[in-house]
Amino acid sequence: GKTLWANMHLLFWLSLVPFSTGWMGENNFTTLPVALYGLNLLMAAIAYYILAHTLSKLHGKNSPLAIAIGKDFKGRISVVIYFISVPLAFINPGISLLMYALVAAMWLIPDKRIEKVIESK
């Protein structure tokens with residue numbers, strides 16, 4: 001049950017991304033739409049973190065998935081960057097957009113944690 005709710009939580013926030021992206025584009029990247037977009041991304045990042053750790057607990061601390069997720073540096077740093085960038089949008093939306101792009105670029109780098117754990121078994 002917890003895993004299902006965690007997954008639904010993530011899907012809910014991801015379903016709002018087209019709206020917040022569209023609103024941001026229609027308003028030429030003004031302060032409030034950029035902040036809302038960042039809040040949407042922040043909530044999706046938190047939901048991902050919850051889902052990943054719910055799955056880790058479900059399979060046990062010594063499971064391959066829990067070992068692969070480990071301390072989840074990318075997940076944690078994403079939440080921190082989004083948390084900083086949302087209020088920063090009220091000062092300079094351009095810097096917030098750069099921070100959003102930084103997180104996206106960070107996730108484009110392939111993460112080999114799961115593959116390494118599976119190969120070692």
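Buried means under 20% relative accessible area, exposed over 50%, and partly exposed in between (1.4 Å probe, protein chains only). The model is predicted, so that local features need pLDDT of at least 70 and side-chain atom pairs count only at pLDDT 80 or more, whereas totals for chains, interfaces and linings use all residues. Residues are numbered from 1 along each chain as its sequence is written, and side-chain values use heavy atoms, with hydrogens and water left out.

**Exercise 1.** Locate N28 and F29, and decide whether each is buried, exposed or partly exposed.

*Solution.* Start with the place: N28 is in the loop between α2 (17-26) and α3 (31-59), and F29 is in the loop between α2 and α3, where helices (H or I, at least four residues) are DSSP runs numbered from the N terminus. Next, take the backbone: N28 has a positive phi of about 55 degrees without being a glycine, and F29, not a glycine either, has a positive phi of about 60 degrees. Finally, N28 counts as exposed because its relative accessibility is 63%, while F29 is partly exposed because its relative accessible area is 43%.

**Exercise 2.** Describe how α3 packs against α5 (residues 73-88).

*Solution.* First, the axes, lines fitted to C-alpha atoms over the stretch in contact, are 9 Å apart at an angle of about 160 degrees, on a scale from 0 to 180 degrees between N-to-C directions. The two helices are therefore roughly antiparallel (angles over 145 degrees). Then list the contact (heavy atoms within 4.5 Å): among its residues are L39, L42 and Y49 of α3 and V79, F83 and R76 of α5.

Methods
Angles under 35 degrees count as roughly parallel, over 145 as roughly antiparallel, 65 to 115 as roughly perpendicular and the rest as oblique.
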